[in-house]
Amino acid sequence: MDCTLEKNRANCPCTYDCDKRGACCQCVAYHRGKNQLPACFFPPEAEKTFDRSFEHFARLVNKGKA
């Protein structure tokens, strides 16, 4: 499978500067290892908090914001 880094970077909502930007498979693996979700699961205002926890995501879903 080819990774389309430039296309992925253009669509990545993450505001954190990291070396995994655009490499979705690496990003998902990194956050999964920390019991987190990547930025692309969160709406912009929630992503900016850098709280990528499953609990934060669940709260947003329950409020109808994700």
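The count of disulfides comes to zero, a disulfide being a pair of cysteine sulfur atoms within 2.5 Å. C24 takes part in no disulfide, and its nearest cysteine sulfur, that of C3, is 6.1 Å away. The sulfur of C25 has its closest cysteine sulfur in C3 as well, at 5.2 Å, which is too far for a bond. In general, a disulfide is a covalent bond between the sulfur atoms of two cysteines.

This is a predicted model, in which local features need pLDDT of at least 70 and side-chain atom pairs count only at pLDDT 80 or more, while totals for chains, interfaces and linings use all residues. Residues are numbered from 1 along each chain as its sequence is written, and side-chain values use heavy atoms, with hydrogens and water left out.

**Confidence and overall form**

The average pLDDT of the protein is 93, and 98% of the residues score at least 70; pLDDT is the predictor's confidence in each residue, from 0 to 100. The protein has four helices and zero strands, and its elements run α-α-α-α from the N terminus on. Helices (H or I, at least four residues) and strands (E, at least two) are DSSP runs, numbered from the N terminus. Among these elements, the lowest mean pLDDT, 92, belongs to helix α1 (residues 5–11), and the highest, 97, to α4.

Along the principal axes, the C-alpha atoms fill a box of roughly 35 × 25 × 20 Å. Of the contacts with a separation of 6 or more, 21% come from residues 24 or more positions apart, contact meaning heavy atoms within 4.5 Å.

**Aromatic pairs**

The structure holds three aromatic pairs. Rings of Phe, Tyr and Trp (its six-membered ring) pair if their centres lie within 6.5 Å; planes under 30 degrees apart count as stacked, over 60 as edge-to-face and the rest as tilted. The centres of the F41 and F57 rings are 6.1 Å apart and their planes stand at 80°, so this pair is edge-to-face. F41 lies in the loop between α2 (24–33) and α3 (44–47), whereas F57 belongs to helix α4 (residues 54–62), so the pair ties together parts 16 residues apart in sequence. F42 and F57 also form an edge-to-face pair, at 5.7 Å centre to centre and 85° between the planes. This second pair links the loop between α2 and α3, where F42 lies, to F57 in helix α4, 15 residues apart.

Separately, the charged end of K20 sits over the ring of Y30, 4.3 Å from its centre; the criterion is NZ of Lys or CZ of Arg within 6 Å of the ring centre and within 35 degrees of the ring normal.

**Accessibility**

Of the 66 residues, 27% count as buried. Buried means under 20% relative accessible area, exposed over 50%, and partly exposed in between (1.4 Å probe, protein chains only).

| Residue | Relative accessibility | Class |
|---|---|---|
| C24 | 41% | partly exposed |
| C25 | 57% | exposed |
| F41 | 40% | partly exposed |
| F42 | 6% | buried |
| F57 | 22% | partly exposed |
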